[in-house]
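Q: Could you walk me through some of the labels used for this structure, and tell me what stands behind each one?

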Amino acid sequence: LRLDFGYGGHRVPGLPATPTTILNSPTGPVRIRRDLEVEQGAIATLAGMGFAPLPASGTAPGPYRLVPAGTNAIERAGCWSTLLREGLATLEAAGWRVERETAFRLQFESADWDLELEDEGEGRGNDWFGLRFDLDLGGRRIPLLPIVAPLLELGIDSELPEVITLPLDPDGTDPDAAHRYVDLPGARLKPFIETLRDLFGHLEPTRDGQIRVSRFDAAALAELEAKGYAIRGAERLRELARRLKDFSGIEPVEPPAGLTVELRPYQRLGLDWLQFLRAWDLAGILADDMGLGKTIQALAHLLVEKEQGRLDRPALVVAPTSLMGNWRREAARFAPALRTLVLHGADRHDLYETIASHDLILTTYPLLPRDQERLKDLSFHSLILDEAQTVKNPKSQAAAIVRTLKADHRLCLTGTPMENHLGELWAQFDFLMPGFLGDHAQFKRYWRTPIEQHRDRDRQDRLAHRVAPFMLRRRKQDVAAELPPKTEIVKSVTLGESQAALYEGIRLSMEQRVRDAIAAQGLARSHITILDALLKLRQTCCDPRLLKLPVAARVKESAKLELLMDLVPEQLDEGRRILLFSQFTSMLALIEPEMAARGIPYAKLTGQTRERDEQIDAFRSGAVNLFLISLKAGGVGLNLTEADTVILYDPWWNPAVEAQAADRAHRIGQDKPVFVYKLVTEQTVEERMLAMQERKRALAAGMYRESEGERDLRLSAEDLQDLFAPLGEA
């Protein structure tokens, strides 16, 4: 813009801004007294429209030169568009004179856009579509994605102007469009941009402006339709989008005739959901709380497939070793029509020839590397991962192998789809629907870092919304109101003098070791050193003998063990039946002689237990009323509703793992109130771990859309300072 001023028919250059200006006229020099205050008001008017004067260059008379004051090209183009659409008429109405030179070539057009899906071809379980977003400019269609790309790069996700102006040739490759811009309504553009960024952010548009999407992105299309965008084409995919948007749109399925148990209402809904996923070649995570019958729902689903004639090949279930017996028993009890084969033990290789004659094949995660060569050539109807958090590390051998197995349908069963961080959730979806959440680096950039490090609640809600159609989770308090109450009780004890002195000595030496490691290689790379130091502190709290150090051997007291030996006999005398968990099998070995000395019979289950079923049956039958269980070997899969008391000898970082242990007793079939005792040594690392559990619980609750508050989810230097605090400091 060039700004001059008119005085009595004379055109006065804006610069220099002097009180008087002398002009030459046909009748001679004319002295003009200027009103600089009014002139500055005119400049302020243009500033209000987004234009700022350039600094004066030289002393020669000339106009004010003003340019858009935006911080980027989009904002500057918006200033021009607003001026041409609204500003000029306002100025002229106020008495301004506006001149347009022929060299001014900027053009601003209005347009709307629509969405169209194009089939790229059909393939079982892997249909792909091209999603186009086209502008309609007077009958001429232009791809929208290259035009809005600058918005995605700028990260504009808060306030947008009423009208946002974008170049029609953002790459500068079309000379005819070099000066043309399009005005798009900000209110309609904002949800579109949000959807593109959050749901399609990891996908690259093709040259013609298409995004290549699969059926797994149908939920994103439902999101767009919910925001008022009409989509044409691919009717089957749009129907799937509508069903994913509204869970009630899933058709009910009659439970299979061969099922020997009546499904509860929420379990019937789970069966409907599993059948829906199968019908549309989708995959998902059945993430019900522990104890709500995920195994029964999966068996019912497979039995429907058999009775409907669709189970043309066996279904493969991969589960922890500890759950082989549970799957075998429940299949025989609830779905006896399913011909079940357990591939476990040294003689399993002889059974491979009989796989085709069975409906349900059971194997374990540890056997996958050994049996990979035999499994990779087989094709299964379904591949089900039980306790799917087992493959939460995508770099693990088991995680890599399950991705190579051939199956038409994939399903994860887990009560804890995310225990520690969002990367575990990504690993399971990458197995189920590769590319649905982008690759590992993309997921970290778009989701994990904003949520975990920056506490971006909006992004957390968006991720929860994206995965919601493919993750069915019900909580016990919502669907199993008939369950008796579960009461958690923290039993704390103070360390005795010698044990406290040992704790302080270990704490000081470990703290210095951790500080040295962090100074040398940083916090992130000191992970192993930190965990080892914290492990030694926790072992000191449990029993000094766990340390295997000469200085610890001289300490003959264990405050927590004494607390336990007061608690257990008292509970048994009251007729309680107890599950006692510790993550340290060596701690259970120290507890055993204490029980024997008091004449208390018990069963025991650890990773080294060979007769697992015999130990389980001993407790279930009532032969013993105390069951010693290692957290790793028995924290999942067991159904021990005969127990009514759970003792967690040592707290664990992850509240979900503790909840899994407690829910061995507090599950469907339990008819007695359940009491969960957490044994904690006061003013030690154990007490501080309880506070850290709340942070992980908050992250998980946010992903399950249960979170109500905002908490810090990171392990920081301050956290470490707290964990290594001396005895007596809160």
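Predicted model: local features only at pLDDT ≥ 70, side-chain atom pairs only at ≥ 80, totals over all residues.

Q: What makes a residue part of the lining of the second largest pocket, and which element gives the largest share?
A: On a 1 Å grid over the protein atoms alone, a pocket is an open set of points with protein on both sides within 12 Å along at least five of seven lines, a cavity is a set where a 1.4 Å probe fits but cannot get out, and lining residues have an atom within 4 Å of a point. For the second largest pocket, 33 residues qualify, with Arg 2, Leu 3, Arg 97, Val 98 and Glu 99 nearest its centre. Strand S1 supplies the largest share, six residues. Among the other elements giving at least two are helix H1 (36-48) and helix H2 (73-93).

Q: How do you get the volume of the second largest pocket?
A: Grid points are joined across faces, edges and corners, and the volume is the space filled by probe spheres set on the points. That comes to about 1,200 Å³ here.

Q: What is the largest cavity like, and which residues line it?
A: The largest cavity holds about 110 Å³. Its lining has 14 residues, and the closest to the centre are Leu 274, His 301, His 409, Arg 410 and Leu 411. Helix H7 (265-279), helix H8 (294-307), strand S19 (379-386) and strand S20 (406-413) each give two or more.

Q: Why is Asp 543 called buried?
A: Buried means under 20% relative accessible area (exposed is over 50%, partly exposed in between; 1.4 Å probe, protein chains only). Asp 543 has 2%, so it counts as buried. You'll find Asp 543 in the loop between helix H17 (527-542) and helix H18 (550-553).

Q: How do you know that the side chain of Asp 543 makes a polar contact with the side chain of Ser 558?
A: The test is a pair of N or O atoms within 3.5 Å; within protein, one must be able to donate a hydrogen and the other to accept it, and residues adjacent in sequence count only if both atoms are side-chain atoms. The Ser 558 pair sits at 3.3 Å, so by that definition it passes. The Asp 543 side chain also reaches the backbone nitrogen of Arg 545 at 3.0 Å.

Q: What makes strands S16 and S18 a pair?
A: Two strands pair if DSSP finds at least two bridges between them. S16 (residues 315-319) and S18 have five, in the parallel sense, with Leu 316 bridged to Ile 361. Strand S17 (residues 340-342) also pairs with S18, in the parallel sense over three bridges. As for cover, five of the five S18 residues are buried.

Q: Why is the crossover from S26 to S27 called right-handed?
A: First the pairing: S26 and strand S27 (residues 674-681) are parallel over four bridges. The chain crosses from S26 through helix H23 (residues 655-662) to S27, and this β-α-β crossover is right-handed. Right-handed means that, with the strands pointing away from the viewer, the path from the first strand over the helix to the second runs clockwise.

Conventions. Residues numbered from 1 in each chain as written. Heavy atoms only, no water.
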